[in-house]
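The sequence and the structure come first, and the description follows.

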Amino acid sequence: MASDIALEISDWSVGYLDHPIVRDFSAIFAIGSVTSLIGGNGAGKSTLLKSIFGLNKHFSGKLVFEGKAVEGLSSAARLRSGIGIVPQGRCNFPQMSVHENLEMGAYLLPRAKASAAIESVTELFPMLRRKWRQLAGNLSGGEQQILETAMVLENSPRLLLLDEPSLGLSPRMQAEVFETVNSIRGKGVTVIMAEQNVFGSLMISDRAIVLELGRKFADGPARDVMHDPRIKAAFLGGEPVVETADI
Amino acid sequence: MLVSTLILNGLVMGAIYALIGVGLSLIFGVLEIVNFAHGQIYTLGALALALLVGHFGFGFLPAAFVSALGVAAFGYILYVLFLQHIRKGEFERGIILTLGIGIVVQNALIYFYGATPQIVDTEFSFRDINFLGLRVEMIKAIAVGFAIVSITALHLVLTRTRFGMAIRALSQNREAALVVGMRPEVVAGHAVVIGTALAGLAGAVLAPVFTVHPLMGAPILFKAFAIVIIGGLGHLPGAVVASLIIGVSESLAGGLGSASLQDAAVFLVMIAMLQFRPMGLFGKGVRI
């Protein structure tokens with residue numbers, strides 16, 4: 001019987017240079033699930049996402065994707081194996097056209113598959129076809145976000161890591177981003193997302209993991225986490241919670 | 001007539017300088033290393049051609065081709081052994097390392113080749129052609145042909161092939177390059193091979209124009225720096241335009257003034273650029 005586990009992370013410690021940022025993190029992610037990573041600045045959300053794609057230093061722990069250990073693989077090999085990431089901030093080639101960026105998105109694909117992949121993402125995001133010859137650096141923030149997502153989707157990832165996909169976007173564009181994430185999930189893709197719009201993110205997530213100072217602080221169904229008074233107070237603008245134990 | 005001849009000569013030299021400047025700019029664009037060994041790589045191309053033509057009886061054209069290939073192979077070895085180990089932010093390490101490599105190469109060439117300047121006599125030497133009523137040395141015209149073909153080919157590779165687009169992409173955003181599955185160390189190696197091949201080719205095609213000796217790279221290196229600064233760091237079209245400006249400036253200074261003013265003219269242009277447009281002709285942040 002096929003396993004329904006997409007990703008298993010055990011005792012994961014990662015960071016930069018000699019400094020682990022995320023420590024002893026463990027979690028299992030089901031195929032087709034959407035998980036929100038929640039936490040303040042410096043909690044380790046981006047570090048965790050980047051580490052799954054191999055973009056920072058791995059100190060210890062195991063990373064098993066679809067039953068295979070991938071912690072020793074390069075980023076290129078992880079992309080080939082089905083893991084894709086859209087990092088926070090601008091992650092395109094600003095002095096190249098939209099078309100050239102999409103060509104680079106399909107860098108690992110054979111020529112025939114690359115054309116089909118470009119065709120497929122331009123059907124999903126018709127804006128890209130309209131801006132075909134425009135330099136990526138001249139697109140609006142929302143358009144660049146769409147381009148970057150499209151570049152990763154060209155590789156048909158089965159695990160998609162999204163770091164602040166709605167950062168700096170208008171409310172209308174944010175809604176479009178969440179709609180896109182929902183449609184990607186509909187295709188059986190597992191999504192792990194760090195998002196500053198915690199409410200919007202939890203609304204489309206099955207599960208939420210709260211990070212604090214690089215460690216897992218809470219983990220549960222998104223709806224439960226959304227109604228947790230401590231989370232509401234910290235991230236959703238709810239009333240501050242007075243811990244009776246502290247009184 | 002004199003001015004026209006001087007401008008034409010300047011454009012001829014500028015086209016060949018472009019090979020050196022574009023190579024230096026390409027390596028800087030991708031690795032962010034200022035390659036202080038670039039002058040000695042140019043020298044290697046010139047000495048290789050002198051050896052192939054003078055001792056092994058090669059014709060000029062095959063000798064230039066083989067010299068560029070040999071220098072490219074040498075560049076790749078340098079990259080694998082040294083340059084690829086320089087990390088982002090280790091700018092000074094790159095300078096000191098390439099400076100050291102340049103000195104070692106230069107001394108090795110003096111040891112094996114001798115320091116006496118030599119003339120390279122090819123089948124095209126001491127012949128002129130007529131271009132729009134102006135007399136041009138055939139060997140220079142052939143060198144310009146090499147420069148135009150090489151730079152056009154480079155432009156096509158960088159804009160039309162996945163291989164070349166990856167080089168441009170890596171120079172613009174390293175993290176994005178990783179995200180789309182590039183292996184930066186491989187792509188940067190390609191850029192170094194192309195950059196050193198162009199410098200080697202420049203040395204080879206200029207060998208019959210000047211005398212050849214192991215110290216010939218130093219003055220060219222500083223002209224190449226001027227080209228990269230005037231054109232804008234890492235900007236290839238800028239490097240081509242800057243090369244032509246430098247070639248014409250030094251030709252006019254030498255022809256209308258004195259030969260001793262030639263280098264001064266080049267660096268006056270560079271100083272003016274640093275003073276009034278420090279990001280180069282094409283401004284800040286523009287890349288290959």
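In which helix of chain B does B:Leu2 lie? B:Leu2 lies in helix α1 of chain B. Helices (H or I, at least four residues) and strands (E, at least two) are DSSP runs, numbered from the N terminus.

This is a predicted model, in which local features need pLDDT of at least 70 and side-chain atom pairs count only at pLDDT 80 or more, while totals for chains, interfaces and linings use all residues. Residues are numbered from 1 along each chain as its sequence is written, chains are lettered from A and ligands numbered from 1 in the order in which they are written, and side-chain values use heavy atoms, with hydrogens and water left out.

**Chain B**

Chain B has 11 helices and two strands. Along the sequence, these elements follow the pattern α-α-α-α-β-β-α-α-α-α-α-α-α.

B:Leu2 takes part in a nonpolar surface patch of about 480 Å², together with B:Val3, B:Ile7, B:Leu11, B:Leu244 and B:Leu256. Patches are made of residues with over 30% relative accessible area and no salt bridge; like charges are joined within 9 Å, and nonpolar side chains (Val, Leu, Ile, Met, Phe, Trp, Tyr) within 5 Å. Accessible areas come from the Shrake-Rupley method with a 1.4 Å probe, and for residues only the protein chains shown count as cover. The most comes from α1(B), with four residues.

**Overall dimensions**

| Chain | Span of the C-alpha trace |
|---|---|
| Chain A | about 65 × 40 × 40 Å |
| Chain B | about 55 × 45 × 35 Å |

The radius of gyration is taken over C-alpha atoms, and the globule rule is 2.2 Å times the number of residues to the power 0.38. For the 247 residues of chain A, a compact globule would have a radius of gyration near 18 Å, and the chain agrees with this because its value is 18 Å. For the 288 residues of chain B, the rule gives a value near 19 Å, and the 18 Å of the chain agrees with it.

**The four-stranded sheet of chain A**

Chain A has 10 helices and 10 strands. Four of the strands form an open sheet in the order β2-β1-β4-β5, with antiparallel pairing. Its edge strands, β2 (19–30) and β5 (68–69) of chain A, each pair on one side only. Two strands pair if DSSP finds at least two bridges between them.

Strand β1 (residues 5–16) of chain A pairs with β2(A) over eight bridges in the antiparallel sense. Helix α1 (residues 45–53) of chain A packs on this sheet, touching β1, β2 and β4 (57–65) of chain A, and its direction makes about 115 degrees with that of β1(A). Contact means heavy atoms within 4.5 Å. Axes are lines fitted to C-alpha atoms, for helices over the stretch in contact, and angles run from 0 to 180 degrees between N-to-C directions.

**The six-stranded sheet of chain A**

A second open sheet has the order β6-β7-β8-β3-β9-β10 (chain A), with mixed pairing. The edge strands here are β6 (83–86) and β10 (215–221) of chain A, each pairing on one side only. Neighbouring strands of this sheet are turned by 15 degrees against each other on average, direction ignored.

Strands β7 (residues 159–163) and β8 (residues 190–194) of chain A pair in the parallel sense over five bridges. A:Leu162 has A:Met193 in β8(A) as its bridge partner. Helix α7 (residues 171–185) of chain A packs on the sheet, touching β3, β7 and β8 of chain A, and its direction makes about 155 degrees with that of β8(A).

**A salt bridge**

A salt bridge is a side-chain nitrogen of Lys or Arg within 4 Å of a carboxyl oxygen of Asp or Glu. The structure holds 20 of them over all chains, including one between A:Glu119 and A:Arg129 (3.2 Å, N to O).
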